[in-house]
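Q: Please examine one part of the following model closely, with the cut-offs behind each term stated.
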Amino acid sequence: MTAAVVTGVGAVTPHGVGVDAYWEGTLAGRCAIRPVSRFDPESYPVRLAGEVPGFSAAEHVPSRIIPQTDHWTHLGLAAAAMALEDSGIDPGRMPEYEMAVVTASSSGGTEFGQHEMVNLWGRGPEFVGAYQSIAWFYAATTGQISIRHGMRGPCGVIATEQAGGLDAVAQSRRLLRDGTRMVVSGGTDASLCPYGLVAQISNRALSVRADPERAYLPFDAEACGYVPGEGGALLIVEDGAHARDRGAGRIYGEIAGYGATFDPPPGSDRPPTLRRAIEKALDDAGIAAGDVDVVFADAMGVPEQDRAEADALTAVFGPRGVPVTAPKTRTGRLYAGGAALDLLAALLSIRDSVIPPSARVDGPVADELDLVQDAPRPARVRNALVVARGYGGFNAALVARAAG
């Protein structure tokens, strides 16, 4: 069975536009969490977010598409174009039915939808545009990428919140096994509008702290929730034989293993299932716990959820048994884009032999984990595990392995 390999990457994140901006800010440990600027947050309890700075849709998206689509889709189109360019693939020279798109979506086009709802209630139905019917739809980004690049293979979208980025890449690997040659995969999100923020606040997991440096502290004694963010990453996941045959300039790594589970409902006497997802991913990759060089944690920042994740990691790897990091502490949780961005960070860790840092935290939970904090840690990374949990009980774990 041929490997599923990543040959191109693109990112639009709170550290800036492009993979280099993301990686530079991540290795520097720079905090990209700032006061919300996309609207006035004064009347909301959550006033901080990880916003993408300096992004202009006009620089990345065809002008006729901009008014038809949401900001979330603009970010996805930009990241997809970057990933394709990085891979060296010209979609026009490949069979259209052998290229596919699978993205993750958490909330869809909330900003576009809010604008249209304001028009509906403030001005009347005649002021609601026809594009409302497609711009909000959770499959809009997949569809627009497919149309723009002529990819007519088995396209799809995964809606499992933060876990979605890993689930989408795993689905891409399945498609390659069924004969597809190349998949654009990953996820972006952009719900930083009043409508989107109110929907997020309803889960009671967001931090209301005003200090960007102390607002999002997973595994810390003072953890109080997470900070929302926008952006994400898209990857070119390719059949390994096809990548070799076309002379791919770079292979970032292999998608080696994947596991997914679903937690029991709140109040159940059954335990959470994150540990089982991790073990399934390791089994699928054919490796033991001792072969994992770093874990990119889900790091929710909610005390009971942090406790559950630390317990799962300790059960699999032992106390302080593997380096653990959560670079999302400097960008916020990006929902559908978050796990895809962590996977990108894992691949860059493999490439550069370095583990990026998390924010500085302390406390009993943090002491049980070998957290990489404050500064990058040089390390030979062959196998990286990415862990993600989505609101509602979704768990996903994915192993990225060095190519060759």
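How many nonpolar, polar and charged residues does the lining of the largest pocket have, by class?

A: The structure is a predicted model, in which local features need pLDDT of at least 70 and side-chain atom pairs count only at pLDDT 80 or more, while totals for chains, interfaces and linings use all residues. Residues are numbered from 1 along each chain as its sequence is written, and side-chain values use heavy atoms, with hydrogens and water left out.

The lining of the largest pocket has 15 nonpolar, 9 polar and 10 charged residues (nonpolar: Ala, Val, Leu, Ile, Met, Phe, Trp, Tyr, Cys and Pro; charged: Asp, Glu, Lys and Arg; polar: the others, Gly among them). The space in this largest pocket is about 780 Å³ (a pocket is an open set of points on a 1 Å grid over the protein atoms alone, where a 1.4 Å probe fits, with protein on both sides within 12 Å along at least five of seven lines; lining residues have an atom within 4 Å of a point). Its lining comprises 34 residues, of which Asp263, Pro264, Pro266, Gln305 and Gly393 are closest to the centre. Two or more lining residues come from each of helix H9 (274-285), helix H10 (303-317), strand S15 (383-390) and strand S16 (394-401) (DSSP runs numbered from the N terminus: helices H or I, at least four residues; strands E, at least two). The most is given by H10, with 5 residues.

The second largest pocket holds about 240 Å³ of space. Its 13 lining residues include Ser106, Glu161, Ala199, Gln200 and Tyr335, which lie nearest the centre. Helix H7 (residues 194-201) gives the most to this second lining, with 3 residues.

Helix H6 (residues 164-177) packs against H11 with the axes 5 Å apart, at an angle of about 70 degrees. These two helices, H6 and H11, are therefore roughly perpendicular to each other (65 to 115 degrees). Gly165, Leu166 and Val169 of H6 meet Ala339, Ala340 and Leu343 of H11 (contact: heavy atoms within 4.5 Å). The contact of H6 with H11 has 5 nonpolar residues, 1 polar residue and no charged residues.

Helix H1 (residues 19-27) also approaches helix H11 (residues 338-352): their axes come within 11 Å and cross at roughly 75 degrees. On the H1 side the contact is made by Val19, Tyr22 and Trp23, and on the H11 side by residues including Leu341, Leu344 and Arg351. The residues of this contact of H1 with H11 are 7 nonpolar, 1 polar and 2 charged.

Note on methods
Axes fitted to C-alpha atoms, helices over the stretch in contact; angles between N-to-C directions. Parallel < 35°, antiparallel > 145°, perpendicular 65-115°, else oblique. Points joined across faces, edges and corners; volume = space filled by probe spheres on them.
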